[in-house]
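Please read them with the sequence and the model side by side.

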Amino acid sequence: MNRILIIDDDKELCALIKQSILVENMEADVCYSGKEGLAKLRENDYQSVLLDVMMPGMDGFETLEKIRAESKVPILMLTSRGDSISKIRGLRAGADDYLAKPFLMDELIARVASLVRRYTRFNPKEGEVKNLVFDGLTIDLDARCVTTGNGTFELPKKEFDLLLFCAENQGKILTKQRIYEEVWGEEYCFDDSNIMAVISRLRKKLEDNPGNPKYIQTVKGIGYRFNKEV
């Protein structure tokens with residue numbers, strides 16, 4: 001059964017969230033501080049974390065950074081702040097989603113369920129087939145090949161590595177610098193030609209309409225994002 005970790009100093013809210021999560025046939029543990037939450041994460045296997053920003057002592061941003069140093073578990077940030085600066089800071093630090101208080105409990109549960117589905121898809125249990133399946137696209141992690149409506153075929157190393165990196169971060173905006181450093185394993189020199197060339201080749205192979213890509217989409221002025229709707 002999937003398990004969620006709630007880290008928030010609002011005990012009443014934690015009780016309400018936990019009750020709603022249990023109704024959805026998921027388990028939930030509650031911690032009231034970032035320090036306690038980090039300890040819980042080291043003890044148990046969780047499929048998602050709900051993390052409040054405004055907490056005494058170690059706040060949500062500091063807790064987020066410490067979690068990301070140890071785990072890829074999806075994190076949904078909760079905060080009473082509605083400003084875009086806090087949202088951007090959280091997303092850049094590694095949060096997967098962001099929800100401002102007050103929120104509808106149904107929306108929270110829907111977002112948690114989406115994060116859990118995505119995480120379990122990208123982290124199969126031992127013995128499960130290691131495929132990432134999207135709408136019209138399957139990525140075979142062991143064979144390092146892809147299947148589309150045009151058949152199954154292998155990709156050159158850089159094309160496969162870039163596609164996989166974007167897919168594993170589905171829905172996240174990835175800067176060109178991060179893509180280059182992760183895929184090429186070299187320091188970014190502000191030359192985007194290699195990235196653009198690889199993405200162009202990928203689009204020609206994977207897309208029905210490369211000019212209007214369905215999978216790896218351009219985020220103007222920043223980088224790219226693998227479409228979270230596929």
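Helices, H or I runs of at least four residues, and strands, E runs of at least two, are DSSP runs numbered from the N terminus. The model is a predicted one.

Q: Which of the elements that each supply at least two residues of the lining of the largest pocket gives the most?
A: The pocket in question has a volume of about 1,600 Å³, and among its 46 lining residues Asp96, Asn169, Gln170, Gly171 and Lys172 are the closest to its centre. At least two lining residues each come from the helices α4 (84–92), α5 (105–122), α6 (157–168) and α7 (176–183), and likewise from the strands β5 (97–100), β10 (174–175) and β12 (223–226). The element that gives the most, with 9 residues, is α5.

Q: Which element gives the most to the lining of the largest cavity?
A: A search of the whole structure finds 1 cavity of 30 Å³ or more, and about 30 Å³ of space lies in the largest cavity. Its lining is made up of Leu202, Arg203, Leu206, Glu207, Tyr215 and Ile216. With 3 residues, the element that gives the most to this lining is α8.

Q: How far from Glu207 is the nearest side chain of opposite charge?
A: Glu207, one of the residues lining the largest cavity, lies in the loop between α8 (193–206) and β11 (216–219). Glu207 is buried yet has no salt bridge, and a salt bridge would need a side-chain nitrogen of Lys or Arg within 4 Å of a carboxyl oxygen. The nearest side chain of opposite charge belongs to Arg203, at a distance of 5.5 Å.

Q: Is Val183 buried or exposed?
A: Val183 lies in helix α7 and, apart from neighbours within four places in sequence, is in contact with Lys158, Asp161, Leu162 and Phe165. Val183 and Lys157 are 26 residues apart in sequence, while their C-alpha atoms are 9.6 Å apart in space. Because the relative accessible area of Val183 is 9%, and a residue under 20% falls in that class, Val183 is buried.

Methods. Residues are numbered from 1 along each chain as its sequence is written. This is a predicted model: local features need pLDDT of at least 70, side-chain atom pairs count only at pLDDT 80 or more; totals for chains, interfaces and linings use all residues. Side-chain values use heavy atoms; hydrogens and water are left out. Buried means under 20% relative accessible area, exposed over 50%, partly exposed in between (1.4 Å probe, protein chains only). Lys and Arg count as positive and Asp and Glu as negative; His and the chain ends are not counted. On a 1 Å grid over the protein atoms alone, a cavity is a set of points where a 1.4 Å probe fits but cannot get out, and a pocket is an open set with protein on both sides within 12 Å along at least five of seven lines; lining residues have an atom within 4 Å of a point. Grid points are joined across faces, edges and corners, and a volume is the space filled by probe spheres set on the points. Contact means heavy atoms within 4.5 Å.
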